[in-house]
Structure formats: C-alpha cells, structure tokens
Amino acid sequence: MDLKKFLILFIPMVVIVGLSGCLEPPKVEVIEYKIQSVNMNNTKFTIKVLVDNPYPIGVTINKISLDIYALVDGDKIHLGHGEQDNIKISSGNSTFELPIIISNEKIAEAVLKSKSTKLPVEIKGNISINLIVTTVNIPIDIKREID
C-alpha cells in the first residue's frame, strides 16, 4: 500500500478515535416489539431498535447476539436468545429488527418462582462492529424489570 492510500485510511480513523472521548455515543432505544408466532414450546417476536448515530459516517454491525435470563431467588433462568447479522447503521437515525425466541416453559417457570408481576431480567451478549481496518466487540450487560 502506498503512503497516500495509507493516509486516506489512517487519518480519519485517528480523528474518529481521538474525538471519540469527546463525542456523544450513539443512542440505542427499543421502540416496538411484535409477536410473530406462538407455539407450545416457544414465542418468537422481533424488537425494533432505533439507533441515533451522531457521527458523520455509518457502520456495519457484523453480528449482534444476546441471551435473556430471568433472575429469581438467586437463580439465573435462561429464557431465550436473539441474533442478527450484517446490520447497516447510517449517520443519523436508523432502525433494525432483532428476532428473539423465548422458551414458554422457562418463562412460566420464572414467573411462578418469582410470585410477582414484575420479573427481573438480565440481557447479556455482544455486538461486533466493522470499522474498516478493525473489528470492535462491545459487550451487552443490561438488567431490567419487566411486567
């Protein structure tokens, strides 16, 4: 690779990385969910995610993968899994849908164990983002209560 091509790739990356501590990170929000199907074993649904990317360039999420757990009486009950590949995030607002499959048996077990209408859950996973010259992995670790 000649020097000119190297500088064309390297300088924008240095500027982005250097300013990343000063700039606001992208905002991510779940804006909608839809139940796709229900059978004896599983409930399949999609969540629609809004990403507000303040940067002037878009990125590609190579893969987002997450697992959902219920936290009941010190136990961690695996409820389900979601995964999506090759998601394009442009500058500004973008949306994408993430399919999730939840075990009906496990959700019933968690609700019966909790004896409450509110269920604490933990979402753990990883987002792999392609940044042209490298790939960045961002861990997901969210704890919430759901009704």
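Strands β4 and β5 form a hairpin with 2 residues between them. Here, strands (E, at least two residues) and helices (H or I, at least four) are DSSP runs numbered from the N terminus. The structure is a predicted model, in which local features need pLDDT of at least 70 and side-chain atom pairs count only at pLDDT 80 or more, while totals for chains, interfaces and linings use all residues. Residues are numbered from 1 along each chain as its sequence is written, and side-chain values use heavy atoms, with hydrogens and water left out.

The 7 strands build an open sheet with antiparallel pairing, in the order β1-β2-β5-β4-β3-β6-β7. The edges are taken by β1 (27-38) and β7 (135-146); each has a single partner strand, so one side of each is left without a neighbour in the sheet. From one strand to the next, the twist averages 20 degrees. Strands of a sheet pair through backbone hydrogen bonds, either parallel or antiparallel; two strands are taken to pair if DSSP finds at least two bridges between them.

A walk through some of these pairs shows how the sheet is put together. Strand β1 pairs with β2 (residues 42-53) in the antiparallel sense over 10 bridges, and Val-28 has Val-51 of β2 as its bridge partner. Helix α2 (residues 104-114) packs on the sheet, where it touches β1, β2, β3 (59-72), β4 (75-89), β5 (92-103) and β6 (119-130). The direction of α2 makes about 130 degrees with that of β4; axes are lines fitted to C-alpha atoms, for helices over the stretch in contact, and angles run from 0 to 180 degrees between N-to-C directions. Further along the sheet, β2 and β5 are joined in the antiparallel sense over 12 bridges, with Phe-96 in β5 as the bridge partner of Val-49. Strands β4 and β5 also run antiparallel and are joined by 3 bridges; Gly-82 stands opposite Ile-100 of β5.

Asn-53 lies in strand β2 and, at 4% relative accessibility, counts as buried (under 20% relative accessible area; exposed is over 50% and partly exposed in between, with a 1.4 Å probe and protein chains only). A polar atom of the Asn-53 side chain lies 3.1 Å from the backbone oxygen of Ile-57, and the backbone oxygen of Ser-90 is 3.3 Å from a polar atom of that side chain. Beyond its neighbours within four places in sequence, Asn-53 is in contact (heavy atoms within 4.5 Å) with residues including Pro-26, Gly-58 and Gly-92.

His-81, in strand β4, is partly exposed at 29% relative accessibility. The His-81 side chain reaches the backbone oxygen of Leu-66 at 3.1 Å. Not counting residues up to four places away in sequence, His-81 touches Ser-65, Leu-66, Asp-67, Pro-99, Ile-100 and Ile-101. His-81 and Gly-125 are 44 residues apart in sequence, with 9.4 Å between their C-alpha atoms.

For the chain as a whole, 26% of the 147 residues count as buried. Among contacts with a separation of 6 or more, 60% are between residues 24 or more positions apart. The chain exposes about 9900 Å², of which carbon and sulfur atoms supply 60%; accessible areas come from the Shrake-Rupley method with a 1.4 Å probe, and for residues only the protein chains shown count as cover.

Technical notes
A polar contact is a pair of N or O atoms within 3.5 Å; within protein, one must be able to donate a hydrogen and the other to accept it, and residues adjacent in sequence count only if both atoms are side-chain atoms.
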